[in-house]
Amino acid sequence: FRGTQLQQVVNFWSSGAGGFRLNAKSRYNNNGMVGSNNQVAVVGGYRTRPSNSSGTKVHIHVNQAIGSERFDPDHCALRTGSWDGSTTLQVDVGGSGRVQGAGGFGGNGANGATNGSQGGAGTSGLGVEYSPTQVNISSGGIISGGFGGGGGGGGAHDHDHKSERTASGSGGGGGAGLPVGQGGTGPNNGTNANNGSAATNGELAGEGGGGTNNGGEAYGGTGGDGGSPNEAADNGANGSGGEGSGGGGGNGGAEGAAIRRTSGSITVNISDPTNALNGRGSTTATTVQ
């Protein structure tokens, strides 16, 4: 056994071990129970968990869904935490594992002949705070940023000697993520948009609300669709009316990062034979919260 390392597994695999905004080192330190399972399993069962992880190999094993929270792109669903020096650290995402940022809110449509609101940004998946960290993703497993919300549609106003007509813009669709982004609202005669989704059989962006028409003279812009894998969030459409009185559509929100690092000096090695990260956000973003 000379040269071997004690193997430890931090439990994010058993029933009830998922959740939102989790920290693997905190779970290791707590060393309690997740339902009927230990929070830390020592391979072989002949030793208890050492108080210091130095010289051991630690597997952060994920086979449940772990989500983030909305609004701040730096916020990650799962953070590795900072480990004792000489720890060999590995994140293993199983076929039922999902580590994903929250979807951005859709922008609200314009109220009258003003501009639609920008869609919200998605937040981030895995936050790496220890170097080096090996990341393995099994077929069916996912590490992903949340996706941006669609921009709100612009409004419009028409004025002539016979009438005054106003059309509000429609809301942008929510971005896919965990939790999903909520669709934006369309005030007055604008149309509300749909929420995004995080369905395990395929993430769907929320669709933006349809355009509005007030008497064929003032047209409110459609809301942009929310973002999803390989599909950036759309901008809202401009409103149009007489005398050039249409408001602009809001921009679509940015996607979150699949993997963030505390700093650019942190090394993350990714084994991804199933291309689980494709279209799921940057793997080089820095700053972790």
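S86 is found in the loop between β9 and β10, where helices (H or I, at least four residues) and strands (E, at least two) are DSSP runs, numbered from the N terminus. The phi of S86 is positive, at about 70 degrees, although S86 is not a glycine. S86 is exposed, with a relative accessible area of 55%; exposed means over 50% relative accessible area, buried under 20%, and partly exposed in between, with a 1.4 Å probe and protein chains only. This is a predicted model, in which local features need pLDDT of at least 70 and side-chain atom pairs count only at pLDDT 80 or more, while totals for chains, interfaces and linings use all residues. Residues are numbered from 1 along each chain as its sequence is written, and side-chain values use heavy atoms, with hydrogens and water left out.

A positive phi also occurs at N230, a residue other than glycine, with a value near 65 degrees. N230 belongs to the loop between β18 and β19 and is exposed, at a relative accessible area of 61%. Most residues other than glycine have a negative phi, and most peptide bonds are trans. Against that background, the peptide bond that joins S131 and P132 is cis, with omega about -5 degrees, and P132 lies in the loop between β12 and β13. The bond from L178 to P179 is likewise cis, with omega near 0 degrees; P179 is placed in the loop between β16 (164-167) and β17.

The chain as a whole contains one helix and 22 strands. Its C-alpha trace spans about 90 × 40 × 30 Å along the principal axes, and of its 289 residues 49% are buried.

Strands of a sheet pair through backbone hydrogen bonds, either parallel or antiparallel. Two strands are taken as paired here if DSSP finds at least two bridges between them. Strand β7 (residues 57-62) pairs in the parallel sense with strand β1 (residues 7-12) over six bridges, and Q7 stands opposite K57 of β7. Six bridges also join β7 to strand β10 (residues 88-93), again running parallel, with K57 opposite T88 in β10.

Side chains of opposite charge can pair when their charged atoms come close. The whole structure holds four salt bridges, each defined as a side-chain nitrogen of Lys or Arg within 4 Å of a carboxyl oxygen of Asp or Glu. One of them joins E69 to R21, with the closest N and O atoms 3.5 Å apart. E69 lies in the loop between β8 (65-67) and β9 (76-79), and R21 in the loop between β2 (19-20) and β3 (22-23), so the pair ties together parts that are 48 residues apart in sequence. Both ends are partly exposed: E69 has 33% relative accessibility and R21 has 29%.

A further salt bridge is formed by R260 and D74, at 3.1 Å from N to O. Because R260 is in strand β20 (residues 259-261) and D74 in the loop between β8 and β9, this pair connects parts 186 residues apart in sequence. R260 is buried, at 9% relative accessibility, and D74 is buried as well, at 17%.

The side chains of R79 and E129 also meet in a salt bridge, at 2.9 Å from N to O. This pair links distant parts of the chain, 50 residues apart, with R79 in strand β9 and E129 in the loop between β12 (124-128) and β13 (133-137). R79 is partly exposed, with a relative accessible area of 25%, whereas E129 is buried, with 15%. E129 and Q289 are 160 residues apart in sequence, yet their C-alpha atoms are 10.0 Å apart in space.
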